[in-house]
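Work through the exercises below with the model open. Try each task before you read its solution.

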Amino acid sequence: MMAGARIFSKIDLRSGYHQIRVREGDEWKTAFKTKDGLYEWLVMPFGFSNAPSTFMRVMTQILRPFIGVFLIVYFDDILIYTRSMKEHLDHLREVFVVLRREKLYVNLKKCHFMTDSICFLGFIVSCKGVSADPSKISAIQEWPTPKSIHDVRSFHGLATFYRRFIKGFSSITAPLTDCLKGKEFQWASAADRAFREIKARLTEAPVLRLPDFGKVFEVACDASGVGIGGVLSQEGHPIAYFSEKLNEARQRYSTYDKEFYAVVQTLRYWRHYLIAAEFVLYSDHQALKYLNSQKNLSARHAKWAAFLQEYTFVLKHKAGIDNKPADALSRMTVILHAMRVQVIGFDVMKSEYVDCKDFGSTYTRLLKVPSQSDSDYLIREGYLFRGPRLCIPDSSLREFLIQELHSSGAAGHFGRDKTAALVSDRYYWPRQLKDVTRVVSRCRTCQVAKGGKQNTGLYTPLPIPDRPWEDLSMDFVLGLPRTSRRHGCILVVVDRFSKMAHFIPCSKTSDASHIATLFVAEIVRLHGLPKSMVSDRDVKFMSYFWKTLWKKLGTKLLYSTAYHPQTDGQTEVVNRSLGNLLRCLVGERPSSWDLILHVAEFTYNNSVNRSTGMSPFRVVTGYDPRLPIDLVDLPLTYRTNELASTFASHLHELHEDIRRKLALQYDKVKAEVDRHRRFTHFEVGSEVMIRVHPGRFPMGAQKKLAARRMGPFKVLKKIGENAYELDLPLEMGISPIFNVSDLSPYNEPTSCAFPYPVTPDIPLPRSEPPPPILSPSHTSDAPTDSPVPSEEILENMTRPSMADDLRAPLVPCTDPTFPVSVSTRAASH
């Protein structure tokens, strides 16, 4: 066809129908009466019902060899197109020979020969493609505002001639077509906006590429609430646009049916292009991909599916943000309609574009030169768009939109990334992600209801000891089956220098005095008094007797942070290894684990430790113990000299080597762990939120849908690198010391941001002081040594107070004079 043509000529025939002779003998059929008598036509006159078809049939018959090869004919207009000058001259000669033979005469004044662009049937045809005739566009631009239904119908008919150049033509002109339905003429503001929009869009009408039937066609379809649209293209360049307004019945279709209907109507409209060749069909409704696999189809779907069987195509899903030409029909119209509904005074935003530092220059430039080509921005109905997204000027409307999409009734308080995706899908302004992050981080509902354990706090190992059995760590292994000797748990004591461990069986009901007796009999008897002991906050280790005893003996007690066992990680690792050993040794007699506990202890102490590179037994004694496999007593190289001084020197060097290996291992572990952690620091006096840990409260007190965090609470003191003491009410009955992974910074919620205030002195409700945490039935007369919060206390601590509600991101406005109308969802929230 015409794709690739560079030289064009147009031939216009003289007198049109009068060049066709009426068959002899039929002249009487054309007789007409005048005052001078009857007259008959010898040639075909204008006005006969079959005159157009007869003339078109004659032109088609005589030019049949050339049509579709290098010629197009429409009544008396003939267009000749070729790629080279030599071919063009040959084609002109062939056409003139045929016209001379058939005795058809041309009007030389209306003919144009061998040009690179030509006006044919109201379109400008060139090597670049097809564009609108400037003279016709000028007539549309100068069209006065309609004053009657006839004027609207005339304008609509002229504009419809160029609808193939306008994306979403039917949706734009919907208000104009509504004016044609009533008996009385009513020119509404929506119709006036559509009238001006059509004029502006025709001014910016693109150049459409000529179809090339040697290449694959691409069809993109989309549907919205008011209309459907389609784009026919090749290699990403548009060939034509299609749109159709949905009537009231079709507007009630489901999304699936609308998308399906858009596909059917688009293919029917371009049937002459697509029926004979395979093409690619794009749609942003992925469910259409599974149409052929559905077993039960409704009558409507069956009819449409049968229609699609006539075509050969590949259906591909294309997201709306990628399907920009067709999707613009849906997005822009829906966005403007939604904004007018949700924000009263939305039209004021037009005046803010000029003074906006982000969009002022772009908006002013496009206003001065409406036809200026801009790849990113366009003005529609006075609003600036970047692609299908509405540009929001620098005002409080930005924060209002973020809060609406984040915390309204159907928003769900999603995180930063999902909220940013919702905002960027509809609106655009620079530094959008930064604004979303700020608003979401200050949402009190999210701070209370979300959050878990954080990967904060760098790895901080305990100090490296100087010698064996001076710095110990202790813990209990619980949950073991009760033995015949009434043992139900194991006291695990680990030397942090040599990694040697002692496993002492005991009872679950043993008090602090009994545990102290066992410790003296099994540990102090063999290794002496330690300098420090690290343990968790078990009730036995926190008792007054235990603290007083070791204070008198000069041993420093160190406690891990509540519900943070990583502080005493050494003992936790030994507990895990002990569990594996016992499972392997007890076999089918789990209730006799205390009888082989000494075997597990010897096996553990004789195994090589990864940190020291040797067994704990060798670190302490200087040599490895004999095993049953050692049938021959082999001499040791370092025991050849039995002098005490030599052996003492060997132990000293051995311990120094152990300290060096421990330091290297600590540095290696710290570097590896800190790669996945981040440093967090809280200033004394700052407010933080605490993670609600299930272990801190009685069984059943923590509800499934209860708040995930509580607060804010003030930081009183920093303990070490990763622990803080908080100002908690005594009635909560939990340890005030928290690891940094259970803390998060508290961000003060922002006040409600209304876009366009008219009366700035409207007083907003002030937040009252929160109610007391404890209910009246819980007073300070309760014992303070071991208070336990009840379920009622927990609910009072986690339930947002009235003051919290007043600090919510959106506050419903009840003043009828206020210029912003928050949607029903946001107000109910």
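Helices (H or I, at least four residues) and strands (E, at least two) are DSSP runs, numbered from the N terminus. This is a predicted model, where local features need pLDDT of at least 70 and side-chain atom pairs count only at pLDDT 80 or more, while totals for chains, interfaces and linings use all residues. Residues are numbered from 1 along each chain as its sequence is written, and side-chain values use heavy atoms, with hydrogens and water left out.

**Exercise 1.** Find the peptide bond from Gly 711 to Pro 712: is it cis or trans? Then name the element that holds Pro 712.

Solution. Step one: read omega, which is near 5 degrees. The bond is cis. Step two: locate Pro 712, which sits in strand E25, residues 709-719.

**Exercise 2.** Which residues does Leu 158 touch, not counting residues up to four places away in sequence?

Solution. Step one: go to helix H4, residues 149-160, where Leu 158 is found. Leu 158 touches Ile 140 and Trp 143, with residues up to four places away in sequence not counted. Step three: compare sequence with space. Lys 136 is 22 residues from Leu 158 in sequence, and their C-alpha atoms are 8.6 Å apart. Step four: take the relative accessible area of Leu 158, 23%, so the residue is partly exposed.

**Exercise 3.** What joins the side chains of Ser 532 and Asp 471?

Solution. Step one: find Ser 532 in strand E22, residues 532-535. Its relative accessibility is 7%, so Ser 532 is buried. Step two: recall the rule. A polar contact is a pair of N or O atoms within 3.5 Å; within protein, one must be able to donate a hydrogen and the other to accept it, and residues adjacent in sequence count only if both atoms are side-chain atoms. Step three: apply it. The two side chains are joined by a polar contact of 2.5 Å.

How values were computed:
Buried means under 20% relative accessible area, exposed over 50%, partly exposed in between (1.4 Å probe, protein chains only). Contact means heavy atoms within 4.5 Å.
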